[in-house]
There are 2 protein chains.
Amino acid sequence: MSYSVIAITREFGSGGRTIGKKLAEELGYEFYDYDLVQKIAKESGFAESFIEEYGEDASSGGLFSFMSNWGSNISDQLYIAQRKIIIELAEKGNCVIVGRCADYILRDRDDVLNVFVHANMEYKKKRIVELYGETAESPEKRIIDKDKRRKAYYRYFTDRAWGEAKYYHICLDTSLLGLEKSTEIIKNLVKE
Amino acid sequence: MSYSVIAITREFGSGGRTIGKKLAEELGYEFYDYDLVQKIAKESGFAESFIEEYGEDASSGGLFSFMSNWGSNISDQLYIAQRKIIIELAEKGNCVIVGRCADYILRDRDDVLNVFVHANMEYKKKRIVELYGETAESPEKRIIDKDKRRKAYYRYFTDRAWGEAKYYHICLDTSLLGLEKSTEIIKNLVKE
């Protein structure tokens, strides 16, 4: 069995995106990150900044007051546009897709390796401060809020609980394994 | 970091017990399975057959009608006896413990590697028929019922959702990886 798509779901700060990028480099796969946002923008007509902010979180501010406006046409339209692009990219193959419910969207394909990446709070706090700097909000609050929104988004569009082990071929704790070792474990699964 | 205890939580039929046994052999660790039942029997005064049946499932028949009698003294007493033994075994170290909420009971130790083992339904059905034979109930129903009871037991004593990736250092799908490869991945983590 070889996997032509790797779908990575990750906790904020766990390093899932970094692992995805490294994996793509080492496997010679496409890494869809900013490219994916651009493609979705083109398909949907939404601004790139809008997609970055609302494309995988049930964000609480502005347009998407979660409790009142969720389920609105706009969030559904964005999801539909994302879904279409993700299906097309999987069809092309040899790619790594991070987040955006790709695991769920591609659930009927048997060439998708589904990975969940998580870490303990200390590790994630340290990492987000290094990567994104300090803000008025504590790192812990930022992590909890971000993942809460990702969970809500995921639940709304997939009706699944985010981070349940049974939906992934492998789940890794990067605070134990580190990013390099985690990448290696996943790469070995893809190559075998 | 080296791990002197490996706590394996597993779906019924996924092969978690087999992996645990193999790991123990290869690492020269104790494998606590029937031995554990005997120790708990000695500690608690409960019969071994009783512990095997009620020591990690919220079993629906007989003494433990889940909705009506759960929370009874007997289930709590058995849990307390199991907990004590598991803590003692972890203190001795170099062991593999399968099930019985060991991951939760030992959550404050930093020398415990927590593993969750799961598999797709086809794989588990095939495996339980090979291992335990056919019964009047379909393999699928046996698997679903068994895991439902394990989940309920785990939830009652730990207040955690069973199988959430964040509680484990690594979660593996044996229907993808196979038992040998899964064992090897875990062994490498312990040895590193």
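This is a predicted model: local features need pLDDT of at least 70, side-chain atom pairs count only at pLDDT 80 or more; totals for chains, interfaces and linings use all residues.
Which two side chains meet in a salt bridge at 3.2 Å, N to O? They are the side chains of K84(A) and E88(A).

**Relation of the two chains**

**Extent of the contact**
- Chain A gives 21 residues to the contact, and chain B gives 21 residues.
- About 1,600 Å² is buried between chain A and chain B, and carbon and sulfur atoms give 61% of that area.
- Of the area that chain A buries against chain B, 28% is supplied by A165(A), H169(A) and L176(A), more than by any other three residues.

**Polar and charged pairs across the contact**
- Between chain A and chain B there are 9 residue pairs in polar contact, with both residues at pLDDT 80 or more.
- The count of salt bridges between chain A and chain B is 0.

**Elements and residue classes on the chain A side**
- Three elements of chain A give two or more residues to the side that touches chain B: β4 (112-118), β5 (170-173) and α9 (174-191).
- The largest share of this side, 5 residues, comes from α9(A).
- Sorted by class, the side of chain A that touches chain B holds 12 nonpolar, 3 polar and 6 charged residues.

**Strand pairing between the chains**
- β5(A) pairs with strand β5 (residues 170-173) of chain B in the antiparallel sense, over 3 bridges.
- I170(A) has L172(B), in β5(B), as its bridge partner.

**Salt bridges**
- Over all chains, the count comes to 31 salt bridges.
- One of the salt bridges joins the side chains of K84(A) and E88(A).
- K84(A) and E88(A) are separated by about one helical turn, because they are 4 residues apart in helix α5 (residues 73-92) of chain A.

How values were computed. Residues are numbered from 1 along each chain as its sequence is written. Chains are lettered from A and ligands numbered from 1 in the order in which they are written. Side-chain values use heavy atoms; hydrogens and water are left out. Contact means heavy atoms within 4.5 Å. Buried area is the accessible area (1.4 Å probe) that two parts lose on being put together, summed over both. A salt bridge is a side-chain nitrogen of Lys or Arg within 4 Å of a carboxyl oxygen of Asp or Glu. A polar contact is a pair of N or O atoms within 3.5 Å; within protein, one must be able to donate a hydrogen and the other to accept it, and residues adjacent in sequence count only if both atoms are side-chain atoms. Ala, Val, Leu, Ile, Met, Phe, Trp, Tyr, Cys and Pro count as nonpolar, Asp, Glu, Lys and Arg as charged, and the others, Gly among them, as polar. Two strands pair if DSSP finds at least two bridges between them.
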